[in-house]
Amino acid sequence: MQSNKRPETMERITTRALADAFIEEQVREVRAQVGDKKVLLALSGGVDSSVVAALLIKAIGKQLVCVHVNHGLMRKGESEQVIEVFRNQMDANLIYVDATDRFLDLLAGVSDPETKRKIIGGEFIKVFAEEAYKLDGISFLAQGTIYPDILESDGVKAHHNVGGLPEDLKFELVEPVKLLFKDEVREVGRALGLPSGMVDRQPFPGPGLGVRCLGAITRDRLHALREADAILREEFDKSGLAKKVWQYFIAVPDLKSVGVRDGKRYEGWPAIIRAVNTKDAMSATIEEIPYALLHRITDRITAEVEGINRVLMDLTPKPVGTIEWE
Ligand code: XMP
């Protein structure tokens, strides 16, 4: 097992050749650690767990069992991409659990942000543990722990939620990227053949759209949020802003205003655009968005998304606003 301290002599992985060398070394180490045993991985589709999945598929193939829990709070197309990349392209042993109804039923009527987070985190562990109990012969748990997680905490990723698994599901850990920084994880992911849409993905909170559908989540407002967010991402991609802006998303408050559509009164929710730049998420500045692009995004969201009748832009840096609204 690797220690939790990055050796002073470890070269920063900045090139394809260095990434390839790292992959070769890890494939050897993982095979030596795991032997012919099985490994379980909670695959969220985020950068870290996706890179770990691709690395372990290369090392041990079908001995890796990936579980993707769709909590119904993913961005548009993200669960579909996990299935496409890992099951269809990489031929992974992937268990897909659509737990949307379980999560949304539990969240119905709950408006307090911290309670929402606890419900989502707790239910995630439950669903994942249920899947783990169904499987025979699992000996290891893989985690997408990366070096900043070790530097900042006790090494267990809170938002991966597997830190809270029941005692009888405590497996030996496999953490092949735990000494890497984020840019190195992305470099390794590219070398493993993961699509750029996955490797260069923005940070996404564990509770997902749950903390962007503000207040008590309803299915119709969550749907509107997901569609508006997809339009924002599409327009940022097309304009090149996606490469420049650290994190951007839509939040939809539980608030309606009066509007007019097709000559009739039309009450709808506002979609709030948040687009920030930061180094470490401790503080953040606001990205300047060209007005022409803001107009296009507004036109598209109000025309294409059922239930949204206004688009607003959040110009608040952090501090005083946090990046997320909840
Ligand atoms: P805030 O809103 O605190 O966010 O300025 C800072 C960064 O952390 C992300 N974030 C979360 N990530 N679970 C996560 O895994 C969470 O509950 C959570 N809340 C915020 C946020 O997206 C931003 O990148």
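**Domain interface and ligand site**

Arg75 and Asp229 form a salt bridge, with their closest N and O atoms 2.9 Å apart. A salt bridge here is a side-chain nitrogen of Lys or Arg within 4 Å of a carboxyl oxygen of Asp or Glu. This is a predicted model: local features need pLDDT of at least 70, side-chain atom pairs count only at pLDDT 80 or more, and totals for chains, interfaces and linings use all residues. Residues are numbered from 1 along each chain as its sequence is written, and side-chain values use heavy atoms, with hydrogens and water left out.

**Domains**

- The chain is assigned domain 1 (16-199) and domain 2 (212-313), with bounds from an automatic or database domain assignment.
- Contact (heavy atoms within 4.5 Å) involves 14 residues from domain 1 and 15 residues from domain 2.
- The domain centres, taken over C-alpha atoms, are 29 Å apart.

**Interface**

- About 1200 Å² is buried between domain 1 and domain 2, and carbon and sulfur atoms give 46% of that area.
- Buried area is the accessible area (1.4 Å probe) that two parts lose on being put together, summed over both.
- The rule finds 4 salt bridges across the interface of domain 1 and domain 2.

**Ligand**

- There are 12 residues around the ligand, each with a heavy atom within 4 Å of it.
- Arg117, Gln247, Lys318, Ile323 and Glu324 come nearest.
- A side-chain N or O atom of Glu324 is 2.5 Å from a ligand oxygen atom.
- For the side chain of Arg117, the N or O atom to ligand oxygen distance is 2.7 Å.
- Gly206 uses a backbone N or O atom, 3.1 Å from an oxygen atom of the ligand.
- The protein covers 76% of the 490 Å² of accessible area that the ligand has on its own (Shrake-Rupley method, 1.4 Å probe).

How values were computed
Polar contact = N/O pair within 3.5 Å; in protein donor to acceptor, adjacent residues only side chain to side chain.
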